Amino acid sequence: MRTLTKQQARQFILSKQGLIGAYRFIGKSGAYEYVRQAGCIQYDPVDVCGKNAELTLQSRVKGFKKPMLQDLLYKDRLLVDYPDKELSIWPTEDWPYFSSYRDRSLELGTKFDGLDELKSQAISYIRDNGPVCSDTLPIEGEIYWHSSMHWSGNWDKKSPAARSVLEQLYTDGELIIHHKKGSRKYYDLTENHLPAPILKAENPCKDEDEFLSWRVLRRIGAVGLLWDKSSTAFLGMDMKAEKRREVLSLLADSGKIKPVMVEGMKPIFYYRSEDDDLLLEILNGNADLKPRMSFMAPLDPLMWDKALILALWDFRYSWEIYTPAVKRKYGYYTLPILFGDRFVGRIEAIPNRKEGRLTVKGLWWEPDIRQTNKLGTALERTLRNFARFNDCDCGTA
């Protein structure tokens, strides 16, 4: 089993994710290829300086613009919004793998008396009238949901019947998100937008264990290197320690992943076998490690496992958006700053969209970072790109 230094482990992860060296992902096609590599990127509706999925792409896709993601989702239909690691965006080609999700949703929906009739009304209305949101679907009243009646969650709640029916049909796979206006979702029939061969394809996984293994392999590919340890990178999967070790062992025995050690750390790490050549480039000193600066999304795949970030980078990051203002150490929506193979600080850069100007509300460098001309030049360049990404001019305040 190979042993990596912490720096080599960092460089491997960043090289795999396209965050160091020359840009590997360029334009709209690059955005699509990155999502295919990562398997999924998390969606979050909060838009302070770009939504999380957009921020994830801008950090590693050269020339990325927000409409590119909208086109991939709602025009080209190469990507879909659907649960995976929370609500995520992932390649349409993976639709057959999630049939067990949809089957479970259909099964749980049968536990709610009268839901089938409401679903039939909604489908009929959409077929006749086109895409709807919860405000335009003419179904009145409220539905009381218990977690045992729904596909996920541990809660009891009431919600408007129209919204509940649309969400149920969405998780059933009968509806797909047609488009969004802000955070409001408009739904249409899935059959109108996804190719028949994909909708009719059989699930490639013969059972839930095989599906779980597929998802774990995907998450390892998203991060690049993951440890045999409880990890938020596995969020959304039932992964107790025994099951995790069983899945990792099966993937290793089948030759899909390989183990490595990292100096000074006890857990075994795993990477995808297809990344052997990249690992050898890192170990032999042949990899392109030219430093780039990027502002990272709070829910970026790189940031999925904050304990791993702390262990490998000695960088402690907390997303303080839900922290009361008086208890925040930094800002409401701070983004980690990556430069080369290090986290050098964090920034809160907020666009004033009316004035078309980007305002830096806070900039915090790590204690051991020297303020060099090279660092300053990289920051200016990254701010200019970030301003353009947010439809602001190149000036900042």
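Contact, as the word is used in these legends, means heavy atoms within 4.5 Å. The model shown in every view is a predicted one.

**View 1. Helix α1 meets helix α12.** In this predicted model, Lys6, Ala9, Arg10, Ile13 and Leu14 in α1 are in contact with Ala311, Leu312 and Trp313 in α12. Sorted by class, the residues of this contact are 6 nonpolar and 2 charged, with no polar ones. The axes of α1 and helix α12, which covers residues 306-313, come within 9 Å and cross at roughly 130 degrees. Because of that angle, α1 counts as oblique to α12.

**View 2. Helix α1 meets helix α11.** Helix α1, made of residues 6-16, and helix α11, made of residues 276-284, have axes that come within 10 Å and cross at roughly 135 degrees. An angle of this kind means that α1 is oblique to α11, and the crossing of the two helices is right-handed. From α1, the residues Gln8, Gln11, Phe12, Ser15 and Lys16 take part, and they meet Leu278, Leu279, Ile282 and Leu283 of α11. By class, this contact of α1 with α11 contains 5 nonpolar, 3 polar and 1 charged residues.

**View 3. Strand β13 and its two pairings.** Strand β13 spans residues 269-272 and is covered on both faces, with Phe269 and Tyr271 buried on one side and Tyr270 and Arg272 buried on the other. Strand β11, which consists of residues 226-227, pairs with β13 in the antiparallel sense over 2 bridges, and here Trp227 stands opposite Phe269. Strand β12, residues 257-262, also runs antiparallel to β13 and is joined to β13 by 4 bridges, with Pro259 standing opposite Tyr270.

**View 4. The hairpin of β12 and β13.** Between the two strands of this hairpin lie 6 residues, and in the turn Gly264 has a positive phi of about 80 degrees.

**View 5. An open sheet of three strands.** The 3 strands of this open sheet follow the order β3-β6-β5, and their pairing is antiparallel. Strands β3 (41-42) and β5 (79-84) stand at the edges with a single partner strand each, so one side of each is left without a neighbour in the sheet. The antiparallel strands β5 and β6, the latter made of residues 86-91, are joined by 6 bridges, and within this pairing Leu79 has Pro91 of β6 as its bridge partner.

**View 6. Pro45 and the residues that Pro45 touches.** Pro45 is found in the loop that lies between β3 and α3 (52-58). With a relative accessible area of 41%, Pro45 is partly exposed. When residues up to four places away in sequence are not counted, Pro45 touches Lys51 and Ser183. Although Pro45 and Ser183 are 138 residues apart in sequence, their C-alpha atoms are 5.6 Å apart in space.

**View 7. Ser249 in helix α10.** Helix α10 covers residues 241-253, and Ser249 is one of the residues found there. Its relative accessibility is 34%, so Ser249 counts as partly exposed.

Terms used. Residues are numbered from 1 along each chain as its sequence is written. This is a predicted model: local features need pLDDT of at least 70, side-chain atom pairs count only at pLDDT 80 or more; totals for chains, interfaces and linings use all residues. Side-chain values use heavy atoms; hydrogens and water are left out. Buried means under 20% relative accessible area, exposed over 50%, partly exposed in between (1.4 Å probe, protein chains only). Two strands pair if DSSP finds at least two bridges between them. Axes are lines fitted to C-alpha atoms, for helices over the stretch in contact, and angles run from 0 to 180 degrees between N-to-C directions. Angles under 35 degrees count as roughly parallel, over 145 as roughly antiparallel, 65 to 115 as roughly perpendicular and the rest as oblique. A crossing is left-handed if the near helix is turned anticlockwise from the far one by less than a right angle, and right-handed if clockwise. Ala, Val, Leu, Ile, Met, Phe, Trp, Tyr, Cys and Pro count as nonpolar, Asp, Glu, Lys and Arg as charged, and the others, Gly among them, as polar.
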